[in-house]
Amino acid sequence: MNRLPLLLLSFLLFPVTSLAHGPTPQKAKESITINASVDAVWNVIKQFDAIASWHPDVKASSGDGKNASDGIRTLTLKNDGQLVESLDYYSDKDHEYNYRLKTENVTAFPVSSYTTNLQVTVGDDANTSMVTLKSRFYRGDTGNTPPESLNDAAAVKAMNAFFKNGLTGLKQKLEN
């Protein structure tokens, strides 16, 4: 018996969405030039758990005070939601650190996981700095049919806005 017609019929009876895969990683990258030396900028952002001192979207931040690969911080966002992040890499010499979301809270921020790199480099001259934030992340709902508030577009929009607002806040703090 030829099973080809039966196989074709099964594709017609079962939706193609049953063959869909999970989410793909998304990316965000934002940079800003600040009229301050690398050391001046680094002195403001190097304390991993002090992000609330320069990021306007963060109402409060606390942590263990460690700037090492085991540092932890808790962010309380303006919407009162909390995120817990852990430090993966820290280099005072390179003015850089990497961190990741340790505890997700998709009602506070529509992303289920992320890794982020923050780095300060010399700008056009010794009196300017370039601060870059870049991240790889997944949307808040990793199922095949996420609601609009937790889909890829919502995650990309939220991450880009968080980066832009943070970099703008940092620039205002250092230049005013």
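User: Before we go on, which pLDDT do side-chain atom pairs need in order to count?

Analyst: Residues are numbered from 1 along each chain as its sequence is written, and side-chain values use heavy atoms, with hydrogens and water left out. This is a predicted model, where totals for chains, interfaces and linings use all residues, local features need pLDDT of at least 70, and side-chain atom pairs count only at pLDDT 80 or more.

User: Thanks! Which residue has its backbone nitrogen reached by the side chain of E175?

Analyst: Leaving aside neighbours within four places in sequence, E175 is in contact (heavy atoms within 4.5 Å) with T33, I34 and N35. E175 and N35 are 140 residues apart in sequence, yet their C-alpha atoms are 6.4 Å apart in space. A polar contact is a pair of N or O atoms within 3.5 Å; within protein, one must be able to donate a hydrogen and the other to accept it, and residues adjacent in sequence count only if both atoms are side-chain atoms. At 2.7 Å, the side chain of E175 reaches the backbone nitrogen of N35.

User: T33 and I34 belong to β1. Which residues make up its uncovered face?

Analyst: The strand has two faces, and the covered one holds Q26, A28, E30, I32 and I34. The uncovered face holds K27, K29, S31 and T33.

User: Which residue's backbone nitrogen lies 3.0 Å from a polar side-chain atom of S129?

Analyst: S129 has its place in strand β7 and is buried, with a relative accessible area of 0%. Not counting residues up to four places away in sequence, S129 touches several residues, including I32, A36, V41 and V120. The backbone nitrogen that lies 3.0 Å from a polar atom of its side chain belongs to V38.

User: V38 is in helix α2. What arc do the buried residues of α2 cover?

Analyst: Helix α2 spans residues 38-45, and its buried residues are V38, V41, W42, V44 and I45. They sit on the same side of α2, because the arc they cover, taken from the directions from the helix axis to the C-beta atoms, is only 160°.

User: Turning to charges, what is the N to O distance in the salt bridge between D80 and K59?

Analyst: The structure holds six salt bridges, each a side-chain nitrogen of Lys or Arg within 4 Å of a carboxyl oxygen of Asp or Glu. D80, in the loop between β3 and β4, and K59, in strand β2, are 21 residues apart, and the pair links distant parts of the chain. K59 is partly exposed, at 44% relative accessible area. The N to O distance between the side chains of D80 and K59 is 2.1 Å.

User: Is R139, which meets D152 in a salt bridge, buried or exposed?

Analyst: The side chains of R139 and D152 meet at 3.4 Å, N to O. R139 is in strand β7 and D152 in helix α3, 13 residues apart. D152 is partly exposed, with a relative accessible area of 22%. R139, at 8% relative accessibility, counts as buried.

User: Last one: what is the phi of H95?

Analyst: Most residues other than glycine have a negative phi. H95 is found in the loop between β4 and β5 and is buried, at 15% relative accessible area. Although H95 is not a glycine, its phi is positive, at about 55°.

How values were computed: Buried means under 20% relative accessible area, exposed over 50%, partly exposed in between (1.4 Å probe, protein chains only). Helices (H or I, at least four residues) and strands (E, at least two) are DSSP runs, numbered from the N terminus.
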